[in-house]
Amino acid sequence: MKTISMYLLITLIAGSTIMGRAASAEDDSRMDWWREARFGMFIHWGVYAVPAGVHNGRDIGGIGEWIMSRAKIPIPEYEKYAKQFNPVKFNAKEWVGIAKNAGMKYIVITSKHHDGFCLWDSTITDYDFMDFTEFKRDPIKELADECRKQGVKLCFYHSIMDWHHPDAKGANFPKYRDEYMIPQLKELLTNYGDIGVLWFDGEWIREWTEPQGKALYKLLRELQPNIIVNNRVGKGRKGMQGMNKDASYAGDFGTPEQEIPHTGMPGLDWESCMTMNDTWGFKTKDHRWKSEEKLIRNLIDIASKGGNFLLNVGPTAEGLIPAPSVERLQTMGKWLEVNGEAIYGTTASPFKKTPWGRCTAKKEHLYLHIFNWPRDGKITVPLSNKVKKASLLLEGKDAKLEIDQQEGSVTIKLPAEAPNKIASVVALKIKGELEVGSIITKQTGDSIELTATDATIHGSAQFEQPKHCIGYWTDTSCWVNWDLEMTKKGSYNVDVSYACPADSAGSTYEVSLNAQKVSGTVDSTGAWETFKTVRIGTVTIDKPGKISLEVRPTNKPGLAVMNLRSITLRLEK
Ligand code: FHN
């Protein structure tokens with residue numbers, strides 16, 4: 001066995017930075033299949049499927065694959081579960097078929113999870129199926145062959161943290177890394193054909209550092225130049241769950257886990273991984289399955305923000321993908337059979353706001369995924385392009401839809417009933433370069449409410465979904481505005497709805513429209529979640545028409561300016 005010195009590698013690449021997005025166009029084309037795929041299957045399968053959440057008759061809380069740590073099971077005792085791991089019902093053809101029929105284009109399987117058990121026949125350890133169990137098969141080899149046959153990309157999850165290996169902690173870590181982990185990764189990248197992605201995890205241990213991650217990334221690309229590697233090869237998780245926005249991390253894509261970042265990660269590749277119930281590894285007693293509606297809408301939501309969806313299954317110790325997972329995947333596959341063109345190879349929505357659902361884009365097409373079927377039978381999008389054709393994607397023959405094209409907007413007339421209650425897709429074929437306008441909030445009564453959802457944020461603040469506010473407003477150069485249309489002249493009170501805890505209070509800001517300005521001071525409301533409305537002044541509208549209202553911070557003594565929920569202009573009586 002040849003040992004590679006990581007220190008040598010680190011020295012060689014010292015100072016170089018591997019960005020979150022590949023540098024050259026040629027290098028970037030490596031990502032093409034992955035960006036086209038949009039949907040993959042995560043498989044968490046290992047010894048933990050044997051206890052399946054129950055140890056010594058006790059239900060162990062938390063995620064199933066952590067049972068060894070959560071129940072503090074000593075290695076020799078855990079190895080007894082490994083000895084029993086005999087998945088006689090494992091059938092690679094069936095697993096790959098389930099993924100393929102679900103419309104998933106790649107499979108990421110746990111070659112080794114934190115418990116250290118290896119799913120492939122490794123010559124570097126006996127702690128694998130072939131040497132340690134009665135099973136005496138190499139499921140990774142069987143999956144690799146089957147994936148090739150069925151045209152699904154095989155990818156490996158691999159845990160840097162290892163609870164089984166004696167050297168994987170403390171001062172001996174370099175020995176584990178150089179004599180165990182790296183040779184094992186070499187096996188995985190040389191014996192199983194082309195591998196799509198190496199998906200690292202367990203990188204948070206203190207022994208692992210960003211320079212080691214960068215060196216490892218380089219080595220993997222030498223072994224398989226086209227391989228794609230997630231950001232957890234380095235310390236990519238820091239900050240917002242795997243989304244390091246400074247893009248100076250090793251790896252090719254960000255890995256938000258169990259969440260969909262509200263604004264996606266513009267300019268970066270990312271993939272949300274998610275469980276179907278509350279565990280990654282199989283647990284007999286976890287029946288909290290997400291609905292088909294939730295899963296399909298998550299896939300759409302992620303695509304509309306420019307990301308991939310890696311949806312997990314946790315097969316049993318016998319080697320079966322649980323029936324509730326299979327049923328959900330079948331439904332997703334059926335939805336994709338009809339609507340797949342609106343997901344595969346698409347990019348993020350060009351619209352800021354889509355109250356009826358979500359939007360994806362691809363070349364000359366925009367796809368409107370309608371979640372909330374409109375009662376008035378139409379939806380309007382702020383689009384200036386000529387629409388050559390509008391149609392509803394249907395099983396069999398798509399239905400052509402009538403449109404009303406005005407300057408800067410297109411209204412699409414819809415049938416009374418949604419063809420699919422979860423999400424129906426309208427495809428718009430447009431002419432020329434995309435020209436999207438902004439949402440204009442129109443006054444309909446004596447007041448006009450400008451909500452956080454409709455705001456345009458200039459800078460790093462973010463829309464926060466559960467609180468429905470503009471938050472993370474830590475930078476005073478960041479400002480927000482709304483485009484609005486006033487229909488009545490008069491004097492209007494300016495009411496601001498916001499939240500701010502005591503330790504961040506005291507910021508000042510200006511609300512301006514036309515040439516008028518009113519200013520406010522942010523007092524404590526008690527918490528970031530406790531909203532109150534205050535009146536900060538009056539402005540005059542001399543004539544009806546379109547205007548822009550802006551909010552700009554002028555001073556920020558605390559952590560952030562405020563959580564801004566809305567601004568309302570109320571006509572004075
Ligand atoms: O600890 C693991 C967990 O068991 C699971 O594998 C997930 C999947 O992304 N990753 C880790 C936590 O971030």
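# Exercises on sheet and helix packing

Helix 12 (residues 323-339) lies across strand 1 (39-43) and strand 9 (308-313), running at about 150° to strand 9. Helices (H or I, at least four residues) and strands (E, at least two) are DSSP runs numbered from the N terminus. Axes are lines fitted to C-alpha atoms, for helices over the stretch in contact, and angles run from 0 to 180 degrees between N-to-C directions.

The model is predicted: local features need pLDDT of at least 70, side-chain atom pairs count only at pLDDT 80 or more, and totals for chains, interfaces and linings use all residues. Residues are numbered from 1 along each chain as its sequence is written, and side-chain values use heavy atoms, with hydrogens and water left out.

**Exercise 1.** Determine the strand order of the open sheet and explain which strands stand at its edges.

*Solution.* Step 1: the seven strands are arranged in the order 7-6-5-4-1-9-8, with parallel pairing; two strands pair if DSSP finds at least two bridges between them. Step 2: strand 7 (228-229) and strand 8 (271-274) each have a single partner strand, so one side of each lacks a neighbour in the sheet. Step 3: strand 6 (residues 197-201) is joined to strand 7 by two bridges, and Val197 has Ile228 in strand 7 as its bridge partner.

**Exercise 2.** Classify the packing of helix 9 (residues 173-190) against helix 10 (residues 210-223).

*Solution.* Step 1: their axes come within 11 Å and cross at roughly 25°. Step 2: helix 9 and helix 10 are therefore roughly parallel (angles under 35 degrees count as roughly parallel, over 145 as roughly antiparallel, 65 to 115 as roughly perpendicular and the rest as oblique). Step 3: residues of helix 9, including Phe173, Met181 and Leu189, meet residues of helix 10, among them Gln212 and Leu216; contact means heavy atoms within 4.5 Å. Step 4: by class, this contact has nine nonpolar, one polar and two charged residues (Ala, Val, Leu, Ile, Met, Phe, Trp, Tyr, Cys and Pro count as nonpolar, Asp, Glu, Lys and Arg as charged, and the others, Gly among them, as polar).

**Exercise 3.** Repeat the analysis for helix 11 (residues 292-304) and helix 12.

*Solution.* Step 1: the axes come within 10 Å and cross at roughly 50°. Step 2: helix 11 and helix 12 are therefore oblique to each other. Step 4: the contact divides into seven nonpolar, one polar and three charged residues.
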